[in-house]
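I opened this notebook to record what I looked up about charged side chains and their partners. The entries follow the order in which I worked.

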Amino acid sequence: MNTVTQRLLVFFIGIPVVITLVWLPYYHHLAMHLLALCAAFFAANELHTMLGKNYAVHPKPLVLLLVSAVPVMGILCALLGWDLCYIDFTFVAAVLVVLSFETLTAQTFAQSNARIATSVFVILYCGYFFSFVSKMTLFPSATAYIAFFLLFVFMCDSLAWFFGVLFGRNNKGLFKASPNKSVAGFAGGIAGAVAVGLIGHYLLPKYCGIVIFGGAPWKAVVLGVLMGCSAIVGDLTESVLKRSADVKDSGKLIPGRGGMLDCVDSIVFSAPIYYWLVSILYNPAV
């Protein structure tokens with residue numbers, strides 16, 4: 001089975017599964033929480049392996065346990081009605097465990113800084129950043145907010161690729177992290193994200209009766225521009241991590257796509273930005 005066929009199968013099977021999980025509101029979107037937990041776990045596993053190619057790292061079971069603790073706390077906050085600050089407390093506690101583990105178990109200290117830095121980064125990137133997906137489930141009309149979050153990212157990625165193929169031949173090399181990325185692709189990705197914001201602003205209340213991007217239209221434009229930028233930078237960030245580790249893909253978990261981190265890089269980077277922007281621009285009560 002060639003790579004293109006594998007990618008198409010993942011697209012036509014994986015995307016409907018994700019959409020179905022988003023539209024299941026039962027138990028405060030428990031299905032979405034569990035999906036985020038699984039994605040965080042497998043992405044952390046891959047990132048730990050990548051970092052281990054260049055740096056000293058802590059034992060993988062310890063790091064994966066600490067990463068998983070953060071989205072698990074997100075699930076508990078949603079199900080039990082706990083304050084979302086417990087997610088932040090869990091992240092801080094995980095960092096303190098890393099520091100304590102290194103202090104109490106290290107026999108030599110030449111690589112202590114590297115072990116601490118890599119563990120904290122994996123917990124931050126794959127655990128804490130993913131927890132913002134859990135936080136979104138507590139927004140009023142959470143299903144619509146999460147669906148549009150994914151639309152922002154997917155539309156940006158899709159149009160960036162489409163514009164890059166059509167118009168990017170002579171304007172590549174803008175980013176050293178990914179020389180094949182083009183100015184045209186960058187512009188197309190942002191245009192796609194802005195279009196999603198404006199669709200949400202103008203059409204969602206009219207056809208569904210749900211207002212999530214209300215107020216002035218400029219808010220939807222700002223949201224689209226910043227979401228487009230964050231999705232693109234998220235993709236480039238993972239390219240930097242892979243180039244540093246000298247690997248083509250983060251893993252082989254998903255046929256035709258590589259690893260979990262290859263699939264969720266833009267989502268991981270964009271989740272906290274989307275949560276903050278929605279909170280600031282539209283102030284949904286949590």
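The entries below concern the salt bridges of this predicted model.

**Entry 1: the count.** I began by asking how many salt bridges the structure holds. The count comes to four.

Entry 2: I looked up K135 and found it in helix α6, which spans residues 131-136. Is K135 buried or exposed? Its relative accessible area is 6%. Because the limit for a buried residue is under 20%, K135 counts as buried. I then listed its contacts, leaving aside the neighbours within four places in sequence. K135 touches L84, I87, D88, Y128 and Y275.

**Entry 3: D88 with K135.** I next asked which residue forms a salt bridge with K135. The partner is D88, and the closest N and O atoms of the pair are 3.5 Å apart. The cut-off for a salt bridge is within 4 Å, so the pair at 3.5 Å qualifies. D88 has a relative accessibility of 26% and counts as partly exposed, whereas K135 is buried at 6%.

**Entry 4: R115 with E102.** I turned to R115, whose side chain meets that of E102 in a salt bridge with an N to O distance of 2.7 Å. Why does this pair tie together separate parts of the chain? R115 lies in helix α5 (residues 112-128) and E102 in helix α4, so the bridge ties together parts that are 13 residues apart in sequence. I noted that R115 and E102 are both buried.

**Entry 5: D262 with K242.** I then examined D262 and K242, whose side chains form a salt bridge at 3.0 Å, N to O. D262 is part of helix α11 (residues 260-281) and K242 is part of helix α10 (residues 217-245), so the pair ties together parts that are 20 residues apart in sequence. I checked the accessibility of each partner. D262 is buried, with a relative accessible area of 8%. K242 is buried as well, with a value of 12%. Which residues do shared partners join into one network here? Salt bridges that share partners link E238, K242 and D262.

Methods
Residues numbered from 1 in each chain as written. Predicted model: local features only at pLDDT ≥ 70, side-chain atom pairs only at ≥ 80, totals over all residues. Heavy atoms only, no water. Helix = DSSP H or I, 4+ residues; strand = E, 2+ residues; numbered from the N terminus. Buried < 20%, exposed > 50% of the residue type's maximum accessible area, 1.4 Å probe, protein only. Contact = heavy atoms within 4.5 Å.
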